[in-house]
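Colleague: I'm new to this one. Could you put it up and walk me through it?

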Amino acid sequence: MELDNVMLSRMLTAMTLMFHIIFATIGVGVPVMISIAEFLGIKRKDPYYLLLARRWARGFTITVAIGVVTGTAIGLQLSLLWPSFMEVAGHVIALPLFMETFAFFFEAIFLGIYLYTWDRFKNRMVHWLLTIPVIIGSSASALFITTVNSFMNMPQGFELKDGKAVNIDPIAAMFNPATPSKVFHVLTSAYMTAAAILAAIAAFAILKGKRSAYEKKALKLTMICTFIFTGLTTVAGDISAKFLAAEQPEKLAAAEWHFETEKNADLILFGTINENNEIKNEIRLPGFLSFLAGSSFDTEVIGLNEFPEDERPPLWVHYMFDLMVMIGFFTLGISGLYLVASKLKQWNELSKPLLLGIAASGPLTMLAIEFGWIYAEVGRQPWILRGYMKVGEAATTGNGVGLTFVLFALLYLILGILCVVVLIRMFRSSPAQAELEKRFPNGTID
Amino acid sequence: MNLELLGITVLWTFLYGYLIVASIDFGAGFFAYYGKITKKDSIINGLISRYLSPVWEVTNVFFVFFFVGIVGFFPSTAYYFGTALLIPGSIAIILLAIRGSFYAFGNYGSRGSTVYLFLYGATGLLIPASLSTTLTISEGGFLRVENDQVVFLAKELFSSPYSWSVVVLSIVSVLFISATFLTYYADRAKDIEARELLRKFALLWSPPTILASLLVFLSLRSHNETHFNKAVGEYWWMFALSLLCFCLASAFIYQKKAYGTAFIMVMLQYFFAFFGYGASHLPYILYPYVTLSEGVTNDSMATALVIAFVLGLLLLVPSLILLMKLFLFDADYVKGKK
């Protein structure tokens with residue numbers, strides 16, 4: 001591996017994005033959870049849920065801050081590290097980028113209002129209503145930015161003549177074939193991850209011996225949400241796989257080590273591969289790749305051999321794909337198990353193994369987000385603009401990418417550590433029970 | 001008005017908006033830190049954080065808006081500025097990141113950490129300096145194109161009197177704008193003690209502002225004479241109006257009256273100077289490589305962007321008014337009673 005500008009630019013972009021999506025995912029998902037908790041609190045006149053919304057919102061401010069600054073970083077880095085790409089793509093995708101900042105603007109305004117008006121309205125519903133624009137803003141910005149990424153996978157709405165984009169149709173570029181499945185998958189998985197992380201926090205607190213109604217209600221609410229959102233994510237994943245099979249087959253084929261075009265293609269779980277593309281130690285599910293690609297064992301799945309070697313993605317994306325899917329099913333299983341256990345009298349939904357599983361699912365889902373994005377991004381290598389521009393042609397020619405890589409690595413390290421330290425200190429200094437008694441001395445919300 | 005002129009006017013207006021709101025924010029960070037080390041924090045820091053907490057994120061968006069917009073309307077700027085600004089741009093991002101996140105750590109996480117406050121205050125003065133590099137580069141003379149490659153002449157930039165005079169102007173402007181706004185905000189809060197302290201800051205930074213502006217003019221004359229001649233030849237009246245507004249603002253603050261009007265005068269002072277500077281810079285966006293008409297994006301994208309912009313404003317303006325009503329013009333909130 002040569003550390004030229006292309007490699008260093010890729011590494012820096014990857015690092016910034018991998019750090020940013022942690023906070024971006026929380027930023028899209030957590031407002032939904034805050035909104036649900038506050039709504040339940042007002043409707044049921046239950047101070048526990050109101051306190052839950054309040055405490056989540058307080059922690060959320062810290063993650064939002066890091067999300068905003070790292071989002072600004074990636075926004076600028078696109079032009080700093082990939083100037084040639086931005087010059088071409090700017091002609092075609094400026095619209096969704098522009099709309100993303102509008103959505104961000106909208107969210108920023110209402111989040112500021114939401115956080116500072118908890119006790120300002122007589123009618124609590126007025127304050128709850130403020131969560132709606134926050135959710136619209138954060139989900140819409142995920143939507144718009146995902147259309148940009150979809151465009152890089154499925155470019156359309158322009159023609160390339162002598163390195164310049166002409167005959168541009170901004171709407172067609174935005175609503176390219178990859179957009180619906182990607183947006184659906186990104187949104188559901190963000191909601192799922194946020195719910196699973198908040199569930200993990202509740203499970204962790206219960207494991208540490210805090211077994212008051214506050215923790216139990218938090219766990220129940222977040223587990224129901226996790227189950228629903230994970231279910232939706234599974235559906236979205238299935239739609240995405242079918243989309244890949246039809247429109248971007250080299251990506252799916254690389255994920256599944258699928259070389260020959262055939263019907264009744266096998267699904268491969270884990271395993272190893274040598275330089276002759278022989279697969280060992282795998283678990284083979286006969287015919288299931290065809291089923292995944294087209295809901296029937298007879299579906300023909302296009303293999304990697306159909307593509308020239310210099311246009312194939314690296315084969316290690318297989319592990320990323322498998323890990324993402326495994327974590328998805330693990331989370332679906334554990335949240336399903338909790339719900340069943342809470343319904344059946346003879347089962348204990350607060351048993352230690354189950355709680356440990358829930359506590360693990362939080363960080364695991366965030367890892368799945370990372371794996372999924374690595375798969376999606378590396379899976380379209382060597383292209384930056386699939387079929388039009390390769391990554392190698394787009395990187396900056398400026399000096400100093402190595403230095404900036406080191407500086408940003410230090411920055412993210414410090415921000416990451418401080419984020420955790422500040423969050424832990426924040427909640428340790430104000431335990432839930434004490435805050436409940438202080439805010440709601442009568443045990444009711446009025 | 002054609003689309004590219006409309007585009008650059010919109011973007012310039014947003015950059016002006018950022019200049020005002022970010023200056024208040026950057027300067028406030030510095031004053032908050034200064035207040036802390038001189039043990040005057042009990043006087044002004046509560047007031048500052050009451051203003052900043054709900055709006056700091058919005059401030060950030062103005063900036064994102066500008067750079068996304070300029071890449072959208074004028075994609076070739078991404079190519080030239082992107083290549084040239086790798087190091088200064090990255091430093092600016094890192095400073096912004098430190099500032100934004102440490103603001104949150106300090107204000108929501110652990111109150112009263114001097115280290116956080118120091119980072120917050122110090123970055124506030126360094127960011128305007130690093131961002132103003134972009135304006136300096138746009139004057140030309142700091143980039144060379146060799147075999148289709150853009151080469152950034154860092155040494156020229158660091159040894160140029162023009163670039164240093166812009167840095168000085170940006171820093172003193174931040175302190176002046178911020179102090180005048182906070183004086184007004186303290187006056188609204190009926191916080192006499194804070195107002196007196198901030199008024200002193202405003203008066204202190206008033207003469208350097210005008211001196212730094214003159215310095216920029218003089219050094220521009222030797223750096224880019226075409227631009228200088230256009231500025232004093234065609235647009236002298238805008239700079240004259242700017243000076244008039246400055247004098248009125250300083251007079252009001254000196255006489256301890258009409259702090260609100262004084263701040264509006266400061267806004268107008270920078271409005272005229274900023275737009276006079278921008279208008280005389282045209283038709284070049286980056287002298288001499290990118291001009292307004294050649295650098296503009298295709299028609300269909302420009303139209304789409306303008307439509308998106310108008311629709312976006314219909315959403316934003318009422319929201320911004322609501323934000324200001326709740327946190328800027330609500331007397332009880334400003335006084336800290338809510």
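**A walk through the model**

Modeller: Start with A:S295, which counts as partly exposed at 44% relative accessibility. (Buried means under 20% relative accessible area, exposed over 50%, and partly exposed in between, with a 1.4 Å probe and protein chains only.)

Colleague: What is the phi of A:S295 like?

Modeller: Phi of A:S295 is positive, about 60°, although A:S295 is not a glycine. A:S295 is in the loop between α10 (288-294) and α11 (317-343) of chain A. Helices (H or I, at least four residues) and strands (E, at least two) are DSSP runs, numbered from the N terminus.

Colleague: Before we go on, what am I looking at, and how are things numbered?

Modeller: This is a predicted model, where local features need pLDDT of at least 70 and side-chain atom pairs count only at pLDDT 80 or more, while totals for chains, interfaces and linings use all residues. Residues are numbered from 1 along each chain as its sequence is written, chains are lettered from A and ligands numbered from 1 in the order in which they are written, and side-chain values use heavy atoms, with hydrogens and water left out.

Colleague: Back to the backbone. What is the phi of A:N264?

Modeller: A:N264 has a positive phi near 50°. A:N264 sits in the loop between α9 (249-256) and β3 (267-269) of chain A, and is partly exposed at 43% relative accessible area.

Colleague: Why point these out?

Modeller: Most residues other than glycine have a negative phi, and most peptide bonds are trans.

Colleague: And which kind of peptide bond leads from A:Q381 to A:P382, cis or trans?

Modeller: That bond is cis, with omega near 5°. A:P382 lies in the loop between α12 (352-378) and β7 (383-385) of chain A.

Colleague: New topic. How many residues are in the largest nonpolar core?

Modeller: The largest core has 246 residues, and A:F85 and A:L219 have the most contacts inside it. Helix α3 (residues 83-115) of chain A gives the most to this core, with 22 residues. (A nonpolar core is a set of buried Ala, Val, Leu, Ile, Met, Phe, Trp, Tyr and Cys residues joined through side-chain atoms within 4.5 Å.)

Colleague: What does A:L219 touch?

Modeller: Leaving out residues up to four places away in sequence, A:L219 touches several residues, among them A:A199, A:I206, A:Y338 and A:I358. Contact means heavy atoms within 4.5 Å. There is also a second, separate core of 29 residues, which includes A:F243, A:V317, A:I327 and A:Y375.

Colleague: Where do A:K217 and A:D46 lie?

Modeller: A:K217 is in helix α8 (residues 213-247) of chain A and A:D46 is in the loop between α1 (5-43) and α2 (47-81) of chain A, so the pair ties together parts that are 171 residues apart in sequence. A:K217 is partly exposed at 26% relative accessible area, whereas A:D46 is buried at 9%.

Colleague: What about chain B? Which residue does B:R99 pair with?

Modeller: B:R99 forms a salt bridge with B:D25, at 2.2 Å between the closest N and O atoms. B:R99 lies in helix α4 (residues 86-109) of chain B and B:D25 in helix α1 (residues 3-37) of chain B, so the pair ties together parts that are 74 residues apart in sequence. Both B:R99 and B:D25 are buried. A network of salt bridges links B:D187, B:R195, B:E196 and B:R199.

Colleague: Staying in chain B, which residues of α10(B) are buried?

Modeller: They include B:M238, B:F239, B:C245, B:F246 and B:I253. Seen down the axis of α10(B), its buried residues fall within an arc of 160°, so they line one face of the helix. (The arc is that of the directions from the helix axis to the C-beta atoms.) The face turned away carries the exposed residues B:W236 and B:Y254.

Colleague: And what do the buried residues of α10(B) pack against?

Modeller: They pack against α7 (161-188), α8 (192-223), α9 (225-233) and α11 (259-281) of chain B. After α10(B) comes B:K256, with a positive phi near 55°.

Definitions and conventions:
A salt bridge is a side-chain nitrogen of Lys or Arg within 4 Å of a carboxyl oxygen of Asp or Glu.
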